[in-house]
Amino acid sequence: HAQASAYLNYLLQAADGIGVLTGEPGVGKTMVLEHVLGETPEEVLVARLQQTQLDDREFLVATCLQFGIEAPADNKALLQAALRRFAEEAHYAGKRVVLTVDEAQQLRPEVLEEIRQLAGLECHGRKILQIVLCGQPELVERLARPEHAALAQRIRLHAHITPLDEEEVRRYIEFRLLTAGCRQCVDFEDELLAGILHHTGGIPRRINILCDMLLTAACMRNTRHVDSACLDAALDKLGWARRPSAHEDQPQPPCLLPGPHPRTPAFVPRIIVYRHGRPVKGYLLDRSRLLIGRHPELDIVLRSPQASRTHAQIVHIEGDYYLQDLDSKNGTLVNRRRITWHRLEHGDHVRIANHVLVYHAREPDYTRRRLAGGRVPERIPPH
């Protein structure tokens with residue numbers, strides 16, 4: 001979910017092309033979309049279209065209504081002209097226009113063609129209307145059809161939300177219990193996680209339903225210990241038959257874009273972590289995503305109580321690395337400025353709690369001097 005949020009943030013900042021967000025029902029697509037849109041600045045004008053059983057004219061009418069545009073509903077050409085005029089005026093006013101479409105896998109072919117045309121609106125060589133299509137994995141199959149090749153070429157970014165694995169299920173349940181204020185009230189048996197994952201497929205919506213029934217079963221038995229007997233009772237009440245794990249039997253849809261690492265560069269960008277001005281450890285940015293925080297199982301672990309458990313993340317998108325603060329308690333500073341989203345540049349100093357993370361996009365001077373053993377400087381470089 002955090003990676004999908006980062007990708008959508010990148011798309012909104014890039015202000016170019018169509019974004020596609022896919023995932024199984026209940027995996028959290030709408031939550032991710034609402035989270036990202038909720039953080040957009042005031043100069044971003046957003047319309048959300050949730051009714052997709054429309055023809056092309058009805059689609060234009062619904063879009064105009066969402067943006068508050070007045071136009072004759074019976075004239076398709078005037079509807080298109082009104083949308084263009086609205087987007088152009090917003091562009092000249094320094095604003096950006098974003099249209100999101102839920103359940104996009106249900107869109108009719110003529111509506112997809114209308115979306116292609118809207119995505120091509122330009123003003124002085126810049127796209128003036130961004131579109132995010134959100135839907136189930138079938139959306140990818142539809143966009144891959146030959147008749148939609150022109151639309152697929154306008155796709156700038158595709159993010160697919162996968163179901164949770166067993167460790168993520170554990171952390172998800174812990175978070176929900178903590179949010180509800182009863183982390184110490186109940187005890188989930190460790191062996192139960194595999195059963196929860198198996199019967200829910202790692203889908204958060206199904207996890208919520210099953211865990212609610214698990215707690216009910218434990219309450220009926222007057223116990224705080226949630227075990228396999230509670231699981232059997234919950235499954236019986238829900239009438240859930242055995243179902244395959246989403247990880248095992250559900251193939252992931254093909255990505256509409258090439259992978260983020262088409263080739264390995266000679267020098268891999270890296271982060272060097274300093275604490276109290278002294279180097280602690282270096283981390284290669286050799287993956288598409290690295291999580292930062294004080295949780296011991298994250299990619300970059302910061303041992304400080306001022307750092308959140310999952311504080312921030314670094315994601316690799318189209319050749320660049322981006323830093324995103326994950327709603328941390330004490331915030332993230334880049335070059336002494338608090339950020340929520342930032343494209344990293346060589347030499348950036350990222351401060352999290354009492355740690356400073358220095359980003360190196362190219363070979364540092366001290367590496368060129370061939371310090372013995374690849375050591376980092378004894379003190380943090382001047383900022």
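1. pLDDT is the predictor's confidence in each residue, on a scale from 0 to 100. For this protein the average pLDDT is 82, and 87% of the residues score at least 70. Where pLDDT is low, the predicted coordinates should not be read in detail.

2. A word on the ground rules. This is a predicted model, in which local features need pLDDT of at least 70 and side-chain atom pairs count only at pLDDT 80 or more, while totals for chains, interfaces and linings use all residues. Residues are numbered from 1 along each chain as its sequence is written, and side-chain values use heavy atoms, with hydrogens and water left out.

3. Let us start with helix H4, residues 76-92. Helices (H or I, at least four residues) and strands (E, at least two) are DSSP runs, numbered from the N terminus. H4 has 17 residues and reaches 25 Å from its first C-alpha to its last, close to the 24 Å expected at 1.5 Å a residue; the expected span is 1.5 Å times one less than the number of residues. Just after H4 comes Gly94, which has a positive phi of about 80°.

4. Which residues of H4 are buried? They are Leu79, Ala82, Leu83, Phe86, Ala87 and Ala90, where buried means under 20% relative accessible area, exposed over 50% and partly exposed in between (1.4 Å probe, protein chains only). These residues sit on the same side of H4, because they cover an arc of only 130° around the axis; the arc is that of the directions from the helix axis to the C-beta atoms. Their packing partners are strand S2 (44-49), helix H3 (56-67), strand S3 (96-101) and helix H5 (109-119).

5. H5 has its own buried set: Val111, Leu112, Glu114, Ile115, Leu118 and Ala119. Viewed down the axis of H5, the buried residues fall within an arc of 155°, so they line one face of the helix.

6. Gln324 is worth a look in your viewer. This residue belongs to strand S15 (residues 320-325) and counts as buried because its relative accessibility is 3%. The side chains of Gln324 and Gln313 are joined by a polar contact of 2.7 Å. Such a contact is a pair of N or O atoms within 3.5 Å; within protein, one must be able to donate a hydrogen and the other to accept it, and residues adjacent in sequence count only if both atoms are side-chain atoms. Leaving aside residues up to four places away in sequence, Gln324 touches several others, among them Ala2, Asn9 and Trp341.

7. His360 lies in strand S20 (residues 355-360) and is buried, with a relative accessible area of 6%. His198 lies in helix H9 (residues 192-200) and is buried too, with a relative accessible area of 19%.

8. Finally, the cysteines. How many disulfides does a search of the whole structure find? The search gives 0, taking a disulfide as a pair of cysteine sulfur atoms within 2.5 Å. Cys123 counts as buried at 6% relative accessibility, and Cys230 is buried at 0%.

Notes: Contact means heavy atoms within 4.5 Å.
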